Structure formats: C-alpha cells, structure tokens
Amino acid sequence: MSSDSWSVGDIDRLIHEPARLIIVTILNAVESADFLYLQRETGLTKGNLSAHLSKLEEAGYVAVEKTYKGKIPLTICRLTDIGRDSFRSYRKHWQAFVKKTQ
Amino acid sequence: MTTDIEKIERRTVQYWFQDGVFEMALGGFLLLLGLFLWAQGSAPPKSVWGFFLAVGFLPLFLLGGWAMKKAVRTLKQKITYPRTGYVSYRKPEGKRRAARGYIIGGMAGIVGAVAALMFTSKSAGFAWMPAGSGVAFALVLSLLAFRSNLIRLVALAVLVAAAGIVLSFSGWGELRGLAAFYGILAVSLFLSGGITFLRYLRSHRLPDEASR
C-alpha cells in the first residue's frame, strides 16, 4: 500500500494506542529489554504493562521469555520481525499523514 | 508524536550512559594505554625494551578493549540491571559490523605503527599525535553526545580537543604528549563517570524482591 492511498482508517490500532506505542518504540530501539525497564520507562503499573504485552504477544509483535536469574524472575521482551516491520510501516505512514495534514 | 518517538529512542540510548559505568571503564582502559605510552616514551632510543613496548601496543589495545567490555558487562549486571532494568542493545549486522571491526582494528594498527615509528625516529618540533587524537576523540564524543543528547559528553569533547592541542605545543614530544593526553582523557572520563555513578546509586535504590 502506498502512502498516497493510505488513510488514517488503515492505521495499526494495536500500535497506535499510546502505552503500546511507547513499548514498541522502546523495543524497536533495542535488541531486548526486561519487564522492570519497560515498567520504569512507560510508568505503567505491573498489571497494565502485562496486559499490553499480552496483546502485543498475541498479535505476534512481541516475544516474551520468562526466565530466572538466580531466584529472581526475569521477563525479557523483544520485538519480533513482524513487530519491527509493523512499527516501521506505522511510523512511515503516520509521518506521511502528519505531513499531509500540516 | 514524531518528536515523542524520537525522545523515547534517545532516552533508550541515554540509558547506556545513565550509570557512568562505561565512562569509568573507558577511563581505566585509556589510563592503561597512557601509562604504556609513557613507558615507551621513557625507554632509551632503539633499546630492546622500547622495541618490545612498541610491538606490544596492539595486543595491549585488544586485550584492554576486551577487559573493558567484560568489566562494563559485569558491573551493569551486578549494579544497574537489578536497579533499573536490563536492556540489550542491537548489534550492528553485516556490513556495518564488518566496518566497525575494520575501523577499530585500523585505529589500533595506525596508533601502534605511528608509536613504533616515533620511537625509532624521535621527531622533534610540533607533536601532531596529541592534537590529532584530541580531535578524533572529540569527534567520537560529539557523535555520542548527539545520539544521546547528554551535555556532559559535549563538555568532555571540548576539554579533550583543547587538551590535545595544548599538549601538542607543550614540547613533550609525540609519545609523552600522547601519554599525557590519554592520562588527562582517562582522568576526565573517570571523574565524569564516577560522579554520574554516585548520583545514579543515590537516586536508584535496589528494589526489594517483593516489589519486582
């Protein structure tokens, strides 16, 4: 789909939601990040962050790996290839849309 | 929204420098290089000891770089990640990775070769190496400052460039001038990193296990 034929109705709503947009933006900038880092950076509660991560995981955008470091549980999140492509596409189209409306 | 996305990305880059660990480790590495160059500059001309020091620069550079990387990883794992979270940065892939390897290897080779050449020829007059290194390090620090938006890196870049140029005119010669430059750079990085590290520890307490 070209930027010209793209309309705001085609926007990826899963990424467009503000909290999820922050999560995806952070994960796009890194290889992986843990739950603690994401919680600090987003300012979300544990429950909210978990819910958003679950939605992104269900869509195949984020891969979540639960491990232990010693006795401490460690939740590592990374953006999948699909998630990375979707974020790039979202960003490109959103920038084009904003430019067009200015 | 574009600005917000860029801000978030910049904050993620800043996180690497937030604890000052990288600066302290780099300072330690450069101090080692400075001491090595000072010993090389103090060695009698065309002596066996001086020759071995000149040849040993490249292995020391590579070994020091490896030790620095290990120290940063260990400190971050023990101190930073339990406090403010774990982040693994994307490694350059394909051509970018190869290019980075060539640049690091090339830099080490050039510095080693020039140091060896200077040891054998002992040229007099204006010392180019401190000024050249000052400008090169200032460029790298400016690039990091641009990517991370950290003012302290800009201040370090200015200081480093100035120190290199002043040392070039100091009359200490190439090797000793370069050694002093590395010393100044190392101390500056160590101080900047140390202050940042203490501030980080003060503002980020270790969370208790129940709240994790």
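How many bridges join S1(A) to strand S1 of chain B, and do the strands run parallel or antiparallel? Select S1(A) together with residues 87-88 of chain B: two bridges join these strands, which run antiparallel. For one such pairing, pick Ala33(A), whose bridge partner in S1(B) is Val87(B). Keep in mind throughout that this is a predicted model.

**H2 and H4 of chain A**

The axes of H2(A) and H4(A) are 10 Å apart, and the helices pack at an angle of about 70°. H2(A) and H4(A) are therefore roughly perpendicular to each other. Show side chains for Ala19(A), Arg20(A) and Ile23(A) on H2(A), and for Asn48(A), His52(A), Lys55(A) and Leu56(A) on H4(A); these residues make the contact. By class, the contact of H2(A) with H4(A) consists of three nonpolar, two polar and two charged residues.

**Chain B as a whole**

Chain B has eight helices and one strand, in the order α-α-α-α-β-α-α-α-α from the N terminus. Of its 212 residues, 32% are buried. Among contacts in chain B with a separation of 6 or more, 79% are between residues 24 or more positions apart.

**H7 and H8 of chain B**

Finish on helix H7 (residues 151-169) and helix H8 (residues 174-203) of chain B. Their axes come within 10 Å and cross at roughly 160°. With the cut-off for roughly antiparallel set at over 145 degrees, H7(B) and H8(B) are therefore roughly antiparallel to each other. The crossing of H7(B) past H8(B) is right-handed.

To view the contact, select these two sets:

- On H7(B): Arg152(B), Leu156(B), Leu159(B), Val160(B), Ala163(B), Gly164(B), Leu167(B) and Ser168(B).
- On H8(B): Gly177(B), Ala180(B), Phe181(B), Ile184(B), Leu185(B), Ser188(B), Leu189(B) and Ser192(B).

Coloured by class, the contact of H7(B) with H8(B) shows 10 nonpolar, five polar and one charged residues.

Conventions. Residues numbered from 1 in each chain as written. Chains lettered and ligands numbered in written order. Predicted model: local features only at pLDDT ≥ 70, side-chain atom pairs only at ≥ 80, totals over all residues. Axes fitted to C-alpha atoms, helices over the stretch in contact; angles between N-to-C directions. Helix = DSSP H or I, 4+ residues; strand = E, 2+ residues; numbered from the N terminus. Parallel < 35°, antiparallel > 145°, perpendicular 65-115°, else oblique. Left-handed = near helix turned anticlockwise from the far one by under 90°. Contact = placed C-beta atoms within 7 Å. Nonpolar A, V, L, I, M, F, W, Y, C, P; charged D, E, K, R; others polar. Buried ≥ 20, exposed ≤ 12 C-beta atoms within 10 Å, placed from the backbone. Pairing = 2+ DSSP bridges.
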